[in-house]
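The sequence and the model are shown first.

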Amino acid sequence: MADHETKPIPRRGFMRAAARAACALGIGGGAAYLIAPRAPGERVWQIDPSKCIACGNCATYCVLRESAVKCVHSFPMCGYCELCTGFFNPAPNDLTTAAENVLCPTGAIVRRFVEDPYFEYTIDKRLCIGCGKCVKGCTMFGNSSLYLQAMHDRCLNCNQCSIAAACPSEAWVRVPAAAPYLWKKVT
Amino acid sequence: MMARGAFSARAAAGIVVFVAIVAAVIAIALHDPTGERGNRLGKDFAYETKDLRPIAPALLRYAERAAFDTRLAAPRALAVGADDRLYVAGDRAIAMFTPHGTPAGSRALDGEPTCLAVTSGGVSYVGMSNHVEVFDAAGTRTAAWAPHGEQSYVTAVVAIPEGIVVADAGERIVLLYGKDGTLVRPIGGRDPERNVPGFVVPSPFLDAAMGKDGLLRVTNPGRHKVEAYSLEGDLCLAWGAAKATVEGFCGCCNPVHIAVLPDGAIVTSEKGLVTVKVCEPDGALRCVVAGPDRLGENALGYDVAVDSKGRIIVLDPVAKKVRVFEPAARRGSPRSETGSTNG
Amino acid sequence: MRNPYAVLIALVVVLCGRHAGSEQRFPPPDFSPGYSLPVTEVQGTPARDDVRGYIDAAVLLAALAAASYLALGRRSRRGLVVLGIGSLAYFGFYRHGCICPIGAIQNVVLAVADSGYALPLTAAIFFALPLLFTLFFGRAFCAAVCPLGAIQDIVLASPVAVPGWLARALGLVPFVYLGAAVLLVAMGSTFLICRYDPFVGFFRLSAGLDLTIFGASLLVIGVFVGRPYCRFLCPYGALLGLVSRLSWRRVRITPAECIQCRLCEDSCPFGAITTPSPETPPERRAGKKALAVTLLVLPVLIALGALAGRALSPAFAHTHATIRLAERVWLEDAGRVDGTTDQSDAFRATGLSTDDLYLAAGAVRAGFDTGTTLLGAFVGLVIGATLLRISLRRKRTEYEADPALCVACGRCYRYCPVEIDRLKKLEQAEGRAEQHDGSA
Amino acid sequence: MEAHDRSLFAAMRSDVRAATRTALVTGAFVAITAAALVAYHLKGGAEEFIDSAEIAAMKSALAADPADDALKLRIQERDLAIREAYFARIERLDRGIYLLLGGLIAFVAALAWAASARRAAPVPGSTEPTAAGEARATFSSRWSIAALAVIAAGLGAAWTGRGDLAFLDQAVGVIEEAKAPPVVAPPEEVARHWPRFRGPGGLGVSAYLNVPAAWNGASGEGILWKTEVPISADNSPVVWGDRVFLSGATRTRREVYCFDTAAGALRWTGKVERIPGSRDGPEDIMEDTGYAAPTVATCGRRVYAIFANADLAAFDFDGARVWARNLGVPENHYGYASSLLVYRHLLIVSYDQATPEDNRSRFFALDTRNGKTVWEAVRPVSASWDTPIVITHEGADQLITCSNPLVIAYAPATGAELWRAECLNGDVAPSPVYAGGLVLTVNTGAQLSAIKPGGSGDVTETHIAWFAEDGLPDIVSPAATDDFTYLLTTEGLLTCYETKTGTKAYEEDIALMFNASPSIAGDKLYLISAKGVAIVVRIGPAYKELGRAELGEGVHASPAFQDGRIYIRGKKHLYCIGAR
């Protein structure tokens, strides 16, 4: 290598060096320019509940075998109905938690008696696969207090979310990693 | 020998590579990143209501006679005033129409109306989410009553000779006011002594209407009942049951709106599988006005009203239209003749 | 307005807001005291916070430096293999192969095309750093930092040489892929490179069957054909190839003077070794003529490419959600199809006018018309340039690595007797040093 | 010692057989695990796995018999079993994947080992680089690139077929067109064609005098061609240039037809289907009316058709549907029958129905370009079956509409009411005509009235020039010249009045049944009976029959007159009558 240095740089080499410098400046400068003016910080994927139609794609298009999308429950919006249409079949045989009455295919919703006539419904996230069936039931009859969110303990945050690519209502958005959930606001 | 070995190895490699390439191409062809194929979920995962939608033709004894645009972005409530003029509250205004749907002016409000009632004198009482405002026939505000409680959410106002009945869904109570806005008495609050169960109101729908028998009809959506109270606040009668079929009230909390026909029958409106039907004063199902196939499936709550001719008027918040239904048996179309005697 | 559909979306939000209004102001049930509403619990923390991003960037920097040193300074194939396995473990299996510099191309393009999109710092670093290193030290990134490269390099057990002519032709594919990916991102269609990433499924240990088969097939091919993805698909590789032509330092097969022993001739599984130009120089006339012809053909190729691209515009446009939605809605309204789809239902639920949708689609389509024309011209240019390179003859005295193709894997080093000699000398030197210590 | 180690290591390293065996074993292991995993994967994800047809069946059974506790128990047990299986499966999948990963690592290592063991000492490259060789390489590279380019082009071509954006051109085209000022065919051009029921003015008057007066369906004499119409109906042919338009419908099918004037070939059939809000029916419709009584109308660029269920559709001249909408089935006890007409860029739709009290009768003017409503007039009238006409009086256009009980004139551009006269009663089917400066309206329940179109407000008392009560038709529309007005009853009583005065010139009982309205060509009056007998009568103060022609097929539709031709729709066929 040493002798390489001492040699006078031939014209070719000089031109290449110039081009190289230009390239380096271009790449570095370009990247810097693109970052500088924008809002800093990472972005993560999330579902905008106001656009979600609970089509069920979240359950099957996630790159994870068990989707990162799960159902969440906004308790302040919940009516605590005895006959919860997010928990029971549209035409329940009986208002018990027996399999034949329950809506959720994976049995991920837990029903708890609070006081007459109110019942509390919570989501067992281990069982939920994010199919959105309960969301449909709750939205159709009730207050739509059940809705879908991407759980960021599971979400791999792919460069482009493959559910987002398959979302029929363009409900997937990039949100700041600092506030990664789009909770339904109760004012 | 060596060469042949090398050659055969090359050939084997070639075959493997070729097969792999074919496999790769097929795999790419099968890949569906844009959701064209939809969720490949099975039947158990579909929220299926189509078995519950159809209604026996024999029960459908009303026909939609007219429908007109409310010209409101979010119509909320409907009322019938003197000589059957129609009042629709929504956005931040009240729109008025002739009985046949010709626009007859509108009034601006300084808040989102949630319900309204109009007396024969043309005085209108408008529920403004947490309180009631009173407007005279000319449309000038004459009074704004104080909210009943800090959770107050007024969802129905009824003008009766004895005063004004206000249904407060937020406080789960019905309030009888004098015309001047003085509270006479609350009605229907939970009270074990008088065995009044109290209203269960999971969603912002609590409606009341004055029955022809002098009893105040109030919905109790959470219990899937319509209850009849005397103006003294005694619970005289309650009927209704949770059923997905047409005999009962569907979903989590229904009915959401009621009205009373000239002959005293009760018109009920359900959300979810949106259904408007007519029940006898004692709750027996008389007939169906329109079912989900006609009105749709949603939780918005279709307000209903009845005019002096017995026309049933439905406010469709999705189409943003007022839809007018009349008994189908009036003219001799074979379909309606299959219905029964009345209407 | 970049994405016309954004307007619609905005409107949707407004409308939805209206309906939600009443529900959200509504108080919960009148529980008797003692019951307090549960709070919707958040599980875990965001998958990628800034710190994690910076760590990744740092690791990348370190790996690049190490790779460059091992490839050019230390000339150690074994070191590169170890580093490659390390990168595969970290960027691949630990970080699930995302974000990678290849995919970062799309983030950069999106940031340029859509002013609403903020380019994440990590994405910028992942995109720029390997390019800069390549600019100075050649494609060391490919050698042992890129997890996709590493996994292929590892499975390459019995290399079979791909004929030069085939390799040349297939070598154009990455540029087409690059162009298409850039176009689709710029138009807001999709991240093509991510959607068809062959190995990320392995890194995540979960993928759809189709992509698993795709990746597996590539690996099987990779047992015999060196780095099929890197050479014949990878769009980032195309960029690196271009940049590396200018690189300051680059892999030299021999550490000193080439003795023309031709031992290394078949040593490169990637066909990156160029032989010295023959003693008997080809008659220059023909060469010059070929060169002139190619130069004349170049503009024609570009024009043809542009035309072809323009013709492909509708096909490309169908990758865009707005176009597909508009088509579906139109077909439904024109009574050409039965029933509705989730997409059309969702659209109609917003109550937006179909006119707006069609006009939005029209705008998107116009974008594609220009975009695909440019893409076509670019492809034409690439073909022309390659033909030029073929026609250009430069005097070569050594067996050297073509900078564009060489991924600095270091396989060829040990084939060079000069190198082996150098290593021996080093060993002896060390040996002597030890003896000195002993005597001292 | 160190050297010894190295030699041992080297020996092991170069043991090809051991390496190959290891590779084989690990390879087999990987293959098996992979196969098992794929098989498992194919058994489906959570979704298919849990979605048990068995349970679905049991649930529906339970719905049938809600009290069956045994069944409930079975459902619960099966449900539990399936869930357990599901979670067991997930666990296995996880284990399997890690096994596979481990196997792969071992396999790859073994491969590397085998490879290094196999590696022979480097040998010099086989081929000496020569000029010829380099030239060959360059040559083959050029051609391989060319070949690749060609292949790519081929694939591209195949791919373009998939993505066609013609729909977008159409959709945007409609929008742009609606923005631009409307393109309207000039009146003199319209007059050359037969764009609506009863011709240009809707008066049943031919612009051509050279029309045939004799033909014979049986012998084919005087008949240029006849073509069977797929679905028979009573609406009349409409002609523009070289196209004849008809429509036909059953309770469930609705179609628009375009025939070629040259030889009568069916050019295209426009299916009117899948319109939002559209429903089949109505069930109770009169046989004589049918589901496609209204005649289509054309503006010269598109053809518009409406049907008994108020499906309204616009097709371009090549049969592509431009727009369509449903107005809601009108309540009409015989069935909807009023024909469409085009005024400038407006499509005028008569939507009278029910009774005046119902207040449901409307007139719509739709934008021909996109079908959007431009104006809507609410009418205090009952259902009617006539077709309105547009007349020009003192330079201003008037839309003349007849119904029970009112004749109402609107400004066709705005829908503003100009005048009304109460001179009709009962079911109104005959359409109005305009001759000698008078609007002539008639129906059985009331009278033949000649109204001066000048007035405003209610002109019943002021503007009725004269009225008469003999030979009032119930279905057939009148035909009139400036001198004579002809009424024809279904039973075949032809009554002639002097248009100016209303004095009866004569009445003649033609012992035939009539549904088609009479038409006028020059001094000839054409009457076509329900059985297809055409009677040509000289227009004049006295009845003079010029001849008869037999079509040999029933006719309920009114004829269309063009240059030297008459188009008649029979019960089954469309006839073109004219000289060869």
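The model is predicted. Between them, chain A and chain C bury about 5,800 Å², with 59% of this area on carbon and sulfur atoms. On the side of chain A, the residues that lose the most area to chain C are Arg20(A), Glu42(A) and Asn159(A), which together make up 12% of what that side buries. The contact involves 67 residues from chain A and 73 residues from chain C. Across this interface the rule finds zero salt bridges, while 13 residue pairs are in polar contact, both residues being at pLDDT 80 or more.

Several elements of chain A give two or more residues to the side that touches chain C, among them helix H1 (2–6), strand E1 (43–47) and helix H5 (162–165). The largest share of that side, 10 residues, comes from H2(A). By class, the side of chain A has 34 nonpolar, 16 polar and 17 charged residues.

| Strand pair | Sense | Bridges |
|---|---|---|
| E6(D) and E7(D) | antiparallel | two bridges |
| E8(B) and E9(B) | antiparallel | three bridges |

In chain D, four strands form an open antiparallel sheet in the order E6-E7-E8-E9. Strands E6 (297–298) and E9 (321–326) of chain D each have a single partner strand, so one side of each is left without a neighbour in the sheet. Ala297(D) has Tyr304(D) in E7(D) as its bridge partner.

In chain B, Phe135(B) has Arg141(B) in E9(B) as its bridge partner. The hairpin of E8(B) and E9(B) has five residues between the strands, and Gly139(B) takes a positive phi near 100° there.

Technical notes. Residues numbered from 1 in each chain as written. Chains lettered and ligands numbered in written order. Predicted model: local features only at pLDDT ≥ 70, side-chain atom pairs only at ≥ 80, totals over all residues. Heavy atoms only, no water. Pairing = 2+ DSSP bridges. Contact = heavy atoms within 4.5 Å. Buried area = accessible area lost by both parts, 1.4 Å probe. Salt bridge = Lys/Arg side-chain N within 4 Å of Asp/Glu carboxyl O. Polar contact = N/O pair within 3.5 Å; in protein donor to acceptor, adjacent residues only side chain to side chain. Nonpolar A, V, L, I, M, F, W, Y, C, P; charged D, E, K, R; others polar.
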